[in-house]
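Here is a short briefing to read alongside the sequence and the model. Take a moment to look at the fold, then follow the points below by topic.

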Amino acid sequence: MQMTSEEQKILDRINAYAEEALADIDPQKTRISFQLEALKPVMQEIADETGKSVEDVFILYMDLASESAVEADKKLQATLEDEENADFSSIANRLN
């Protein structure tokens, strides 16, 4: 499933907000509920603008973030496969 440009804007907007709102926390040590509470203002804004509920925006965000992570992983795998398939001389030349 390809993300629409509108969905991409929503994902980018929430992620940008998250970078500021969650800048000082360690996501590994901070409960998800706290992280989501910190994102609620931007999700409420988007909900108000789109006529959706905050819950719908949250679900959309989780779907888009998951989809984005899968795409990033596919790109990484493709890059690694390209590296593996590169011939010896091109790898050796990069090492010089």
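**Overall fold and confidence**

Along the sequence, the chain runs in the pattern α-α-α-α. This is a predicted model, and its secondary structure amounts to four helices and zero strands.

**The chain as a whole**

- Of the 96 residues in the chain, 21% are buried.
- Among contacts with a separation of 6 or more, 50% are between residues 24 or more positions apart.

- The chain has a mean pLDDT of 86, and 84% of its residues reach 70 or more.
- Helix α1, covering residues 5-21, has the highest mean pLDDT among the elements, at 95.
- At the other end of the scale is helix α4 (residues 88-95), whose mean pLDDT of 61 is the lowest among the elements.
- A word of care is in order here: where pLDDT is low, the predicted coordinates should not be read in detail.

**The largest pocket**

- The largest pocket in the model has a volume of about 160 Å³.
- Ten residues line this pocket, and those closest to its centre are Q2, M3, Q8, E67 and E71.
- Sorted by class, the lining of the largest pocket holds three nonpolar, four polar and three charged residues.

- E7 sits in helix α1.
- How far apart are E7 and L64 in sequence and in space? They are separated by 57 residues in sequence, while their C-alpha atoms are 7.4 Å apart.
- Setting aside residues up to four places away in sequence, E7 touches Q2, L60 and L64.

**T30, in the loop between α1 and α2**

- You will find T30 in the loop between α1 and α2 (32-50).
- Is T30 buried or exposed? Its relative accessible area is 19%, so T30 counts as buried, the cut-off being under 20%.
- The side chain of T30 reaches the backbone oxygen of D26 at a distance of 2.8 Å.
- When residues up to four places away in sequence are not counted, T30 touches I25 and Q35.

**Q35, in helix α2**

- Q35 belongs to helix α2.
- Q35 counts as buried because its relative accessibility is 13%, and the limit for that label is under 20%.
- A polar atom of the Q35 side chain lies 3.4 Å from the backbone oxygen of P27.
- Leaving out neighbours within four places in sequence, Q35 is in contact with L22, I25, P27 and T30.

**Putting the last two residues together**

- T30, from the loop between α1 and α2, and Q35, from helix α2, are in contact with each other.
- I25 is a partner of both residues, being touched by T30 and in contact with Q35.
- Each of the two side chains also has a backbone oxygen to look for on screen: that of D26 for T30, and that of P27 for Q35.

Note on methods: Residues are numbered from 1 along each chain as its sequence is written. This is a predicted model: local features need pLDDT of at least 70, side-chain atom pairs count only at pLDDT 80 or more; totals for chains, interfaces and linings use all residues. Side-chain values use heavy atoms; hydrogens and water are left out. pLDDT is the predictor's confidence in each residue, from 0 to 100. Helices (H or I, at least four residues) and strands (E, at least two) are DSSP runs, numbered from the N terminus. On a 1 Å grid over the protein atoms alone, a cavity is a set of points where a 1.4 Å probe fits but cannot get out, and a pocket is an open set with protein on both sides within 12 Å along at least five of seven lines; lining residues have an atom within 4 Å of a point. Grid points are joined across faces, edges and corners, and a volume is the space filled by probe spheres set on the points. Ala, Val, Leu, Ile, Met, Phe, Trp, Tyr, Cys and Pro count as nonpolar, Asp, Glu, Lys and Arg as charged, and the others, Gly among them, as polar. Buried means under 20% relative accessible area, exposed over 50%, partly exposed in between (1.4 Å probe, protein chains only). A polar contact is a pair of N or O atoms within 3.5 Å; within protein, one must be able to donate a hydrogen and the other to accept it, and residues adjacent in sequence count only if both atoms are side-chain atoms. Contact means heavy atoms within 4.5 Å.
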